[in-house]
Amino acid sequence: MTLSRRDRTREQWLETLASHRRNFDAPASEDFWSPSLDTASRDELASIQNSKLAALTPFLYENSGFYRRRFDRLGLTPDDIRTLDDLPKWPVINKTEMMEDAIQHPPYGTYTTMSEALWKERGWMQFSSSGSTGVPRVFRYSHLDREYWEWANARALYSMGIRRGGTVFPMGGFGPHVWLWGVLYALARMGIAVIPGGGMDAGARAMIIERFKPSIIACTPSYALYLGQVMKDMGSDPGKSSVNTLFTAGEPALAIEKTRERLEDLWGCRLVEFYGCTEASPHCGGYTCPDSTLPDKPASIHLMEDIQIWELVDDREFLPVTAGTSGLTVCTSLNSESSPQLRFLVGDYTQFDRSACGCGRTHVRAIGACSGRADDVINIRGIKLLPSHIEQAVRAVAGTGDEFEIVLSTQASGLDVMTVRVEHPEQANCEKISSAVAQEVRSQCEIRIEVEVLAPDTLAKTEFKANRVRDERNR
Ligand SMILES: [Zn+2]
């Protein structure tokens, strides 16, 4: 039986993915899960990326309505994009474009290569974006994706020093969010024990840490700060607990020096980090290595280049930046049968270094890790800054609480102002604390702000991801 173009391109894509995988089920060395890939030369990595790209574009054209229409609209054919050098011909895809596709083609959109027949045959799990700014964008993955995801995440977790013998306690609501699901399945592939920590409050989680002594906890940085305080309130010291590794994702931690310091001090242990997004799964994206947090060096994370292509673009026209310049992350995902994406704008600010890392890995590093997404940029009186910049300043003042809030408002005169609301136990010294925070913000962000000093426990506690910005400006 002759295969249709749709099936033939899928078969070629899957054969190409299979031909480049190594050590799928178990690590091959003490330091690297897949040594030949993790330490491949830059030429070898480029050759793998080119081989995958050449199979990817025909596959997308034949199996995704969104991609076919985009190729046709741009006057391009899959043959026009076969190598890394061809990538700039393809303008980056942003979330809005995907969302419009999801609105026009409910409920799944056509930006993935998952079909109804495939979902029935080997569908695994459905994930989605939060949908907080429109309709949720849905991503359905197959069991084959799950296997590739487990492998990629196992390589990343291995790089983070996570090994058999430990017990991991992942905390989150699970739900349709990719991060902890990907971690959970990877840990199973690695043969590492897990205590599932969904669906319970901080008190119950603190009790589990006390009683069952996990060695690794996985949660957002905001939640790790909150949980540590809950443990203290219950009379136990998180710094003296069984936890020897704090594994965070979902919000920047490594990129904000003062947040990282607070977390490491509170828990008395090392911090490791995943970075990624729903759209470029299945895979975490970025991950730390033994050299990521060396003293006197900026923090960094690796991005796995045999399964993804990472670029940086400017934040105005989204064109590639010159080497060594800061820009927004763009990901081409080469590790999925259901949702490979071509130049998706993930949109985090960072800088790349493609020189070899001291850990031996050759894959690109995001220097300074990732400090926040372009979507979250605050523009006030023409000055642009990220909430993470304010976070760094607030945490630099001794004694400030872990929660804080950024309120943007318009004065009667029409002037827009930013007020940062912080908590501090020394209520008699409000003026001193307020000017210390304002000074920190001024020196880091070159902007004058108002500061309100509140009594401890005034602001709402963060249970998962922090939502710190309240915009009440006149529009
Ligand atoms: Zn490294």
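1. Basis. This is a predicted model, in which local features need pLDDT of at least 70 and side-chain atom pairs count only at pLDDT 80 or more, while totals for chains, interfaces and linings use all residues. Residues are numbered from 1 along each chain as its sequence is written, and side-chain values use heavy atoms, with hydrogens and water left out.

2. Zinc site. Four residues coordinate the zinc ion: Cys289 through SG, His302 through NE2, Cys357 through SG and Cys359 through SG. The distances run from 2.1 to 2.3 Å. Donors here are N, O and S atoms within 2.8 Å of the metal (3.2 Å for Na, K and Ca); water is not among the atoms, so sites may look incomplete. The angles among the four donor atoms are 106 to 115°, and the site is tetrahedral.

3. What the zinc ion links. The donor spacing in sequence is C-x12-H-x54-C-x1-C. His302 sits in strand E9 (residues 300-303) and Cys357 in the loop between strand E12 (344-353) and strand E13 (365-367), so this pair ties together parts that are 55 residues apart in sequence. Helices (H or I, at least four residues) and strands (E, at least two) are DSSP runs, numbered from the N terminus. His302 and Cys357 are both buried. Buried means under 20% relative accessible area, exposed over 50%, and partly exposed in between (1.4 Å probe, protein chains only).

4. H7 against H8. Helix H7 (residues 143-159) packs on H8 at an angle of about 80°, with the axes 8 Å apart. That makes the two helices, H7 and H8, roughly perpendicular. Axes are lines fitted to C-alpha atoms, for helices over the stretch in contact, and angles run from 0 to 180 degrees between N-to-C directions. Angles of 65 to 115 degrees count as roughly perpendicular, under 35 as roughly parallel, over 145 as roughly antiparallel and the rest as oblique. From H7, the residues that meet H8 include Glu147, Glu150, Trp151 and Leu157. On the H8 side, Val183, Tyr185 and Arg189 are among them.

5. Arg189. This residue belongs to helix H8 (residues 178-190). Arg189 counts as buried, at 17% relative accessibility. Its side chain makes a polar contact with the side chain of Asp25, at 2.9 Å. A polar contact is a pair of N or O atoms within 3.5 Å; within protein, one must be able to donate a hydrogen and the other to accept it, and residues adjacent in sequence count only if both atoms are side-chain atoms. Leaving aside neighbours within four places in sequence, Arg189 is in contact (heavy atoms within 4.5 Å) with Phe24, Asp25, Glu147, Glu150 and Trp151.

6. H9 against H10. Helix H9 (residues 202-212) and helix H10 (residues 221-233) pack at about 75°, with axes 9 Å apart. H9 and H10 are therefore roughly perpendicular to each other. Ala206 is in H9 and counts as buried, at 2% relative accessibility. Apart from residues up to four places away in sequence, Ala206 touches Leu227, Met231 and Met234.

7. Helix H5. The buried residues of H5 (residues 95-104) are Lys95, Glu97, Met98, Met99, Asp101 and Ala102. Their cover includes helix H4 (65-74), strand E2 (138-142) and E12. At the start of H5, a side-chain oxygen of Asn94 comes within 3.2 Å of the backbone nitrogen of Thr96.

8. Loop from H5 to H6. Pro106 and Pro107 are joined by a cis peptide bond, with omega about -5°. Pro107 lies in the loop between H5 and helix H6 (116-122). Thr112 is also found in the loop between H5 and H6. Thr112 is buried, with a relative accessible area of 9%. Its side chain reaches the backbone nitrogen of Met114 at 3.4 Å.

9. Positive phi. Phe174, a residue other than glycine, has a positive phi near 55°. Phe174 lies in the loop between strand E3 (167-170) and H8, and is buried at 14% relative accessible area. Glu446 also has a positive phi, near 55°. Glu446 is in the loop between helix H13 (430-445) and strand E18 (450-454), and counts as exposed at 67% relative accessibility.

Methods. Tetrahedral: all angles 85-135°; square planar, octahedral: opposite > 155°, others 65-115°.
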